[in-house]
Every structure is written in C-alpha cells, then in structure tokens.
Amino acid sequence: GGALGAQWAALKAMPDSPTAADGAAPAADEAAWALKRHFDEASAATAELVPQLADAAQQLGARCEELAQAEQRCTQLDTELSSAQHAASAEAAAAERWAAAVDKLSALRAQAERAMRLRAEEEEAHSLSSQNAFFTASR
C-alpha cells in the first residue's frame, strides 16, 4: 500500500493541467496527466457519494428501527390474538354448557308439566268414579 499511497500523493500534488511549456511532454507524461484527471474526477465523485451514502445508511438504520418496532408490534398482536381466541373458545364452551343446561331445564319443566297433567287427569277420573259410585249407591 505504501508505494501506491506515494503515487496518489504525487498525482495529487500535480497542477490541474499541464502548462504551455509542458506542451511537448512525452507520452508518459500525457498518461500521467490523464491519470491525474481520472484521479481528480474519482475523488470528486467519491466526495459527492460519501454524504449520500451516509444519508442512505442513516435512512436504512431508521427503516430497520421501524421494522424492528413493527415486528415487536406483530408479536404483541399475535399474543393478544391468541389470548382473544382462547377467551372466545372458553366463552363458546360456556355458552354450550349454558345452552345444555337450558335444554335440560326445559326438558325437566316439560316432564313436570306432563306429570301434573297426568295427576290432574287421574284425580279427575278418580273423582268421576267416586261420583258414579255415589250416584249408584244413592239410587
């Protein structure tokens, strides 16, 4: 790296363009000037790119932060959703038990009503037969 560094330093030290006196410079010097120009252009381009890259890196960092927060929120929502699903299925189970209890109650009520109707019919039949017996006896 040292030799290359020295070459870059030498290129940097050269004036921006050959003076008129250097007009008759040999081909090697022309190549050096061309290299100097390329070096200057590359340096300028790099100088322009550095802040742009820094800006892009900053934006990327901010975006990554947003994504991390969004991921956290998603995890939180997943947790909330799963506990809501548990709650909902527990509620559904409770509702089913409630419905079963209501069914059982109405079955019991229907049974009780039937029993009362039968008893009423029996009593009626009994009282009719008692009356018959009474009328028969009183003749």
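At 9% relative accessibility, Trp33 counts as buried. Trp33 has its place in helix α2. The C-alpha atoms of Trp33 and Leu11 lie 8.4 Å apart in space, although 22 residues separate Trp33 from Leu11 in the sequence. The model described here is a predicted one.

The overall make-up of the chain comes next. The protein chain contains two helices and zero strands. Helix α2 covers residues 27-138. The chain has 139 residues, of which 4% count as buried.

Which residue pairs form salt bridges? Asp40 and Lys36 make one, and Glu66 and Arg63 make another. The count of salt bridges comes to two.

In the bridge between Asp40 and Lys36, the distance from N to O is 3.4 Å. The contact qualifies as a salt bridge because the side-chain nitrogen of a Lys or Arg has to be within 4 Å of a carboxyl oxygen of an Asp or Glu. Asp40 and Lys36 are four residues apart in helix α2, so about one helical turn separates them. Lys36 is buried, with a relative accessible area of 3%. Asp40, at 28% relative accessibility, counts as partly exposed. The cut-off matters here: buried means under 20% relative accessible area.

The bridge between Glu66 and Arg63 has its closest N and O atoms 2.9 Å apart. Glu66 and Arg63 also belong to helix α2; they are three residues apart there, so about one helical turn lies between them. Is Glu66 buried or partly exposed? Glu66 has a relative accessible area of 44% and is therefore partly exposed. Arg63 is partly exposed as well, with a relative accessible area of 45%.

Where do Glu121, Glu122, Glu123 and Glu124 gather? These four residues form a patch of negative charge on the surface. One of them, Glu123, is placed in helix α2. Glu123 has a relative accessible area of 51% and is exposed. That value puts Glu123 in the exposed class because the class takes residues over 50%. A residue joins a patch of this kind only if it has over 30% relative accessible area and no salt bridge.

The cysteines are the last topic. A disulfide is a covalent bond between the sulfur atoms of two cysteines. How many disulfides does the structure hold? The number is zero. Among the cysteines, Cys64 is partly exposed, with a relative accessible area of 47%. Cys74 also counts as partly exposed, at 44% relative accessibility.

Conventions:
Residues numbered from 1 in each chain as written. Predicted model: local features only at pLDDT ≥ 70, side-chain atom pairs only at ≥ 80, totals over all residues. Heavy atoms only, no water. Patch = residues over 30% accessible without salt bridge, like charges linked within 9 Å, V, L, I, M, F, W, Y side chains within 5 Å. Areas by Shrake-Rupley, 256 points an atom, 1.4 Å probe, with all protein chains shown as cover. Lys, Arg positive; Asp, Glu negative; His and termini not counted. Charge placed at Lys NZ, Arg CZ, Asp CG, Glu CD. Buried < 20%, exposed > 50% of the residue type's maximum accessible area, 1.4 Å probe, protein only. Disulfide = S-S within 2.5 Å.
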